[in-house]
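Student: I am new to this structure and would like to learn what stands behind the words used to describe it. Could we look at it together?

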Amino acid sequence: MQSDNTKKLVTSALFAALVAVSTIILAIPLPGGGFANLGDCMVIAAGCLLGPVWGAAAAAAGASLADMSLGFMVYMPATFVIKGTMAALAFYVLKAARKIFSANKIFALALSALSAEAVMVLGYFIFECFLLGRNPALADIPGNTMQGAVGIVSSVLILRIILSSGRLKDVFPNNWQR
């Protein structure tokens, strides 16, 4: 039992690091200014692969560390809640979608990622309404939506590769196989 918890903790810490590094280092310039990163890819992957508790913890911790490292400390509380919620929701939507769309794993993954990214766009909009006001928050929606699109495409691709390989069944035993 203790080795199982140790494996979950270590894997969760690894994903927290992946979320932080992919947020900080892998920036993609967006048209119109700003940038998207591959942090959301790892947030969604953490939720889908680690489950709602460990995945949410990894996503929340890693994304918050990235905010701190990049100097966006005012966003840390919102990021912690939003990214943790994204990971947990990605897991639950994937679990439900796999039952409904068992023949189409790509669609199930895409629906899971889409729901998580919708939480991101809405969550940051609400937070920025309080922080900056309604008009600046509205102005950030297109950039957040483009970041969400990058997160959807990249997470579906990476999860499809990971889950189809079958090489990580020991690490993620119950999140894809029926």
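What follows is a conversation about the terms used for this structure and the values behind them.

Tutor: Please keep in mind that this is a predicted model, in which local features need pLDDT of at least 70 and side-chain atom pairs count only at pLDDT 80 or more, while totals for chains, interfaces and linings use all residues. Residues are numbered from 1 along each chain as its sequence is written, and side-chain values use heavy atoms, with hydrogens and water left out.

Student: Why is the contact of lysine 83 with aspartate 40 called a salt bridge?

Tutor: A salt bridge is a side-chain nitrogen of Lys or Arg within 4 Å of a carboxyl oxygen of Asp or Glu. The closest N and O atoms of lysine 83 and aspartate 40 are 2.4 Å apart, so the pair meets that rule. Helices are DSSP runs of H or I with at least four residues, and strands are runs of E with at least two, numbered from the N terminus.

Student: How do you know whether lysine 83 and aspartate 40 are buried or exposed?

Tutor: Buried means under 20% relative accessible area, exposed means over 50%, and partly exposed is in between, with a 1.4 Å probe and protein chains only. Lysine 83 has a relative accessible area of 6% and aspartate 40 has 1%, so both count as buried.

Student: What makes lysine 8 and aspartate 4 a salt bridge, and where do they sit?

Tutor: Their side chains meet at 3.6 Å, N to O, which is within the limit, so this pair is a salt bridge as well. Lysine 8 and aspartate 4 are four residues apart in helix 1 (residues 2-24), and are therefore separated by about one helical turn. Lysine 8, at 34% relative accessibility, counts as partly exposed, and so does aspartate 4, at 32%. A search of the whole structure finds two salt bridges.

Student: Why is the pair of phenylalanine 72 and tyrosine 75 called edge-to-face?

Tutor: Rings of Phe, Tyr and Trp (its six-membered ring) pair if their centres lie within 6.5 Å, and planes under 30 degrees apart count as stacked, over 60 as edge-to-face and the rest as tilted. By this rule the count comes to five aromatic pairs. One of them joins phenylalanine 72 and tyrosine 75, at 6.5 Å centre to centre with 85° between the planes, so the pair is edge-to-face.

Student: Why is arginine 134 called exposed?

Tutor: Its relative accessibility is 56%, which is over the 50% limit, so arginine 134 counts as exposed. The place of arginine 134 is in helix 6 (residues 134-165).
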